[in-house]
Amino acid sequence: MKKEIPILIGFFATIGWYLEFFFAGTFFENWKMFFTTGFRSVAIVSLIVGIVSVLRVNYSKIKYNNDRWFSVYQMCIIALMIIFASLRGVSPGTPFDAMFTFGFIPLDATVFSLLAFYVASAAYRSFKIKSIESAFLLVAAILIMLSKMPLGEAMWSKIPTIGEWIMDAPTSAGKRAILFGAFLGGLTMMIRIAFGLEKSHLSD
Amino acid sequence: MINLIKKLFLFALALSLYAQQGNDRVALAGAQGSAINADSESVLTSEPVLTDEEKLCKEVAEDLMDIYDNWSPERDYRILFPRIRDFTENFYKEYPDFNLKIIEKDRLGQELNDYERRSLVAFKGTRNDKIFEEVSRFITTKDFYWGYIEDSLSAAIDEAADKIKNYTYSRKDILLAEHEDFVDALLVQLRKLDMQLDSIKNISDEKILDDLLADEYYNNEMLDIEFEIDSAKTRNEAKNIIEKLYNERDIRIIAYIKNKKKEIIENKRLEKIAAKDYWVEEKRQTVFDLYELEKARLSDIVYGFTSPMEEERDILSFDISPEFIKRLHENDPAVSDEFKLQIKHKFYGGLVGAFGSAVIFDEIPVFRTFRTNVLIGTFLFMILFFYIFLKVKKNRESLFIRKIPGLDAIDDAVGRATEMGKPIVYDSGIGYYTQIDTIASMLILRSVAKKVAEFKAEIYVPTCDPIVMQISEEMVASGFLDAGFPEDHKKDNIFYLAADQFAFAAGIAGILSRKKPATAFHFGYYAAESLLISEAGFAAGAIQVAGTTAVAQIPFFITACDYTLIGEELYAAAAYISRDPQIMTNLKLSDFAKVVIGFLFILGTIVLTINSEWTFLQDLLFTR
């Protein structure tokens, strides 16, 4: 029963959502609403689960001196933000907002900006002619790079057109092929789970 | 004498005729003038003649205004006014020195000191977040709105909306007939463009030259060349130069003609494509789309009648100004009435919105007929699924399943971790538990965890969603149980990291660089953080296997990881690892469906190439 009941719930939920796509009416709308409300309720509870996990993991790190000071620092920041938010709210001009705007956002942007360097290093590694395919990749990449900068057009006026064609024709075709495969795979997986043929997501 | 008498008589006759003519002219002018005056008076005094449709819209507009006039803001005022007074008082308690000069300074771009800046931010917060949003929420949010206004008002709005609805329903046949005519006209236009395009392709150079004579650039260049020819005529070597210049001119003219022809053909082609798209789009319009268009048209007429009525009543948009807050703080008695008026303005906005929402065409049938093709398609897909499923079940030994190198490498990758005595890091991206990529990732996690337990390695699973963390914990525990080593499972190794995308990426990058894992798995949904994570894994020297359906991230994984599962391979991964032939239907079915879709692509291309008006296949596959 531990597996059968979730499978049954999954089956009826899927059938309801599937039929809702074809049939209008309050019954199906309510059916959908029931599950969306359920998702929201679970999301709220999950916040507590997340906090407990963070506390548990950091507590054990502090206790067993495993990167202790990182955890202490992290816990202090979390506590400070909770205290500020509780005392003064989160609206603009409050300490919580200041921490978020002047602390979190620049750090977030810093991590994002690392991407530029990682792209360069990853491109350096992959742009080596090891096979015919990688030679094609290299040529296409150089053409695309040239087509995106004024130098390319100055070298040869057709380069931007070639770059555009590479992006519009072969790249789009490849992307769409992957997307088709992914949608079909997703659909098959949905059928497998809905009909209870796939059970590995249910714990023993 | 007789002659003299005759002349006198004729003169008198001519004079009398002239006099008669002048009187007539005056009389005519008087008659015309009085008639014009009468017309202009009638224009000024009488109402313009309205059609039945306009009369109906005017009636609806008057109904809306009646609702507005009869609505009293007293109850809202009683609830909201103390609240906004509290907001204001709290603000002035905190910033007692705040005055409107700070707002003026900010407006002029002058530098503010710290106190002024903080108080201005708090003031904006009070004004926008607290008061404005509080009132907006109270007045316009549907729950509050409908909970607040009386049933009679709600019924009145419905009654006004019903007039528009019933009128639209009564025109159903006319709308359909008009639309059919419109689509036919579009097709005729399309055919005309097609013919024009064909004739343009065969257009003569002389015709193009006529067009070019109106082209400024062409004329300027020709003038320059002519000028050079005229100047060259004065030189000794004139003959050669003139000949050269004439040749140059001819080359330029030919080039101009060629480019112009190309431009005209291209423009016409684009015009034809746009006309075809428009025709196809219009052809697919259902009666409900026509109702919506009709609703928009009639609403415009209604609002045309409400506009002068709004001006009569001085209805403006809701706005809590800085002066209002100042006067509220100073207990100005006039503020109460002003706030009531503001609430009424807000109510009017809500009323117009409610009227728009009330015009719903509920004639929609229970079954959405325009999705029949999807219903049939999914049924066929399910039949195919079970057919292949049964076939696979019967011939599980002889079944050929294509190799997926990324999944074959999982055993080696886990074994490597055991040999090196280093851990494995498994992350499932930034997707939520409702996303199919995350679900697929969880299925793989169970299989990977089983192998990890068998190889006696250690696995870390950082997650970006608490629910995903719970599921991951369950999957890892089940994997260890499947392997027969439940006691080896460490609960603390599966943990919640951060919900923010880049915080999560930074966290994983940190784990990868500190733990230096032998193997890293990245299966799930990823966005910009994919490269941040996989490059950190590369720098840590881990063997990496990744899989995602996010098309934009696949190139990054291919570049940075050792093996990558592309698209649907992610969904088949769990089954592939577990070597369960029944579940491997996934791969077989996907391949089969891809063949069918590929066939449809080719067929569609052939059909549309033969005749671009044969859009039946397109229409068959189209849905909304």
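Over all chains of this predicted model, the salt-bridge count comes to 38. Side chains of opposite charge can pair when their charged atoms come close. The rule asks for a side-chain nitrogen of Lys or Arg within 4 Å of a carboxyl oxygen of Asp or Glu.

Start in chain B with B:Lys124 and B:Asp106. Their closest N and O atoms are 3.7 Å apart, and the two form a salt bridge. B:Lys124 belongs to helix H5 (residues 114-140) of chain B, while B:Asp106 sits in helix H4 (residues 100-107) of chain B, so the bridge ties together parts that are 18 residues apart in sequence. How accessible is B:Lys124? Its relative accessibility is 42%, so B:Lys124 counts as partly exposed. B:Asp106 has 32% and counts as partly exposed.

Move on to B:Lys451 and B:Asp411. Here the side chains meet in a salt bridge, with 3.4 Å from N to O. This pair links distant parts of the chain. B:Lys451 lies in helix H17 (residues 436-454) of chain B. Is B:Lys451 buried or exposed? Its relative accessible area is 16%, and buried means under 20%, so B:Lys451 is buried. B:Asp411, at 30% relative accessibility, counts as partly exposed.

Next comes a pair between loops. B:Glu458 forms a salt bridge with B:Lys490, and the closest N and O atoms are 3.3 Å apart. B:Glu458 is in the loop between H17 and strand E2 (459-463) of chain B. B:Lys490 is in the loop between H18 and strand E3 (494-496) of chain B. The bridge therefore ties together parts that are 32 residues apart in sequence. Relative accessibility is 26% for B:Glu458, which counts as partly exposed. B:Lys490 is partly exposed too, with a relative accessible area of 46%. Beyond such pairs, there is a network. Salt bridges that share partners join B:Glu53, B:Arg171, B:Glu178, B:Glu294 and B:Arg297.

Now turn to the interface. Chain B brings 68 residues to the contact, and chain A brings 59 residues. About 5,800 Å² is buried between the two chains. Carbon and sulfur atoms give 70% of that area. How many salt bridges does the rule find across the interface of chain B and chain A? There are four. In one pair between the chains, B:Glu473 forms a salt bridge with A:Arg56, and the closest N and O atoms are 3.9 Å apart. Polar contacts between chain B and chain A join eleven residue pairs, with both residues at pLDDT 80 or more.

Which element gives the most to the side of chain B that touches chain A? Helix H18 (residues 466-483) of chain B does, with ten residues. The residues on that side of chain B divide into 43 nonpolar, nine polar and 16 charged.

Finish with a residue of chain A. A:Lys158 is placed in the loop between helix H6 (150-155) and helix H7 (159-194) of chain A. A:Lys158 is partly exposed, at 46% relative accessible area. A:Thr36 is 122 residues away from A:Lys158 along the chain. Their C-alpha atoms are separated by 52 Å.

Note on methods:
Residues numbered from 1 in each chain as written. Chains lettered and ligands numbered in written order. Heavy atoms only, no water. Contact = heavy atoms within 4.5 Å. Buried area = accessible area lost by both parts, 1.4 Å probe. Polar contact = N/O pair within 3.5 Å; in protein donor to acceptor, adjacent residues only side chain to side chain. Helix = DSSP H or I, 4+ residues; strand = E, 2+ residues; numbered from the N terminus. Nonpolar A, V, L, I, M, F, W, Y, C, P; charged D, E, K, R; others polar. Buried < 20%, exposed > 50% of the residue type's maximum accessible area, 1.4 Å probe, protein only.
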